[in-house]
Amino acid sequence: MKSLLLIDIQNDFLPGGALAVQQGDEILPVANALLSQYELVVATQDWHPADHQSFAGQHPGMEVGQQVQLAGLDQILWPEHCVQGSRGAEFSAQLNQEAIQRVIRKGTDPLIDSYSGFFDNARRKETELGSYLRSQQVDEVHLVGLATDYCVKFTALDAVDLGFRTVLLSKGIRGVELNLGDCQRAVDEMRSRGVEVR
Ligand SMILES: [Zn+2]
């Protein structure tokens with residue numbers, strides 16, 4: 001069975017949000033139009049405690065975009081975003097949420113970030129996404145959401161690693177593009193690692 005994965009379609013990643021992805025709102029009608037084509041729709045939700053160490057404000061003297069070490073990994077510092085229970089962490093009101101059967105929250109450990117919906121960035125802990133999809137006999141996942149060069153990319157790569165046939169629906173993604181070309185490089189990397197790009 002196929003499942004549609006909605007990656008982090010949250011207010012803070014949309015125009016006006018704390019970590020807004022340019023033209024991120026253009027994916028909303030694309031995602032809504034897809035929902036009826038899938039028997040199973042799962043959404044990931046970035047869900048950080050207020051003291052999450054990916055926030056630049058947690059590192060005095062450091063700025064957004066700079067790097068620190070977190071759990072032994074290079075970590076880009078982000079503005080505070082998707083704090084648990086905040087409006088910014090909510091899914092967009094323009095997303096038809098009735099179709100979502102399961103929400104997978106990630107980034108809950110203050111000491112490590114989690115771009116992928118399946119694992120934290122050091123792969124120390126697994127979310128319930130993989131086991132849930134398997135329990136539903138899903139063998140193919142299709143991805144839309146935000147952002148192409150971070151959470152969409154890492155979720156897609158992990159899906160391939162876990163043995164799911166993985167399809168990126170390119171009309172339904174937008175990226176941060178911290179460096180020019182990041183989105184294209186992300187798509188190229190996904191394709192080279194076995195993600196089908198449509
Ligand atoms: Zn985050």
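Tutor: Let us begin with contacts, where two residues count as in contact if their C-beta atoms, placed from the backbone, lie within 7 Å. In this chain, residues 24 or more positions apart account for 72% of the contacts with a separation of 6 or more. Please keep in mind that this is a predicted model, in which local features need pLDDT of at least 70, side-chain atom pairs count only at pLDDT 80 or more, and totals for chains, interfaces and linings use all residues. Residues are numbered from 1 along each chain as its sequence is written.

Student: How many helices and strands are there in the chain?

Tutor: Helices (H or I, at least four residues) and strands (E, at least two) are DSSP runs, numbered from the N terminus. The chain has four helices and eight strands, and along the sequence they follow the pattern β-α-β-β-β-β-α-β-α-β-α-β.

Student: What is the order of the strands in the open sheet?

Tutor: Strands of a sheet pair through backbone hydrogen bonds, either parallel or antiparallel. Two strands are said to pair if DSSP finds at least two bridges between them. Here six strands form an open sheet in the order β5-β2-β1-β6-β7-β8, with parallel pairing. Its edge strands are β5 (102-106) and β8 (196-197), each of which pairs on one side only.

Student: Over how many bridges do β7 and β8 pair?

Tutor: Strand β7 (residues 165-174) pairs with β8 in the parallel sense over two bridges, and L168 stands opposite V197 in β8.
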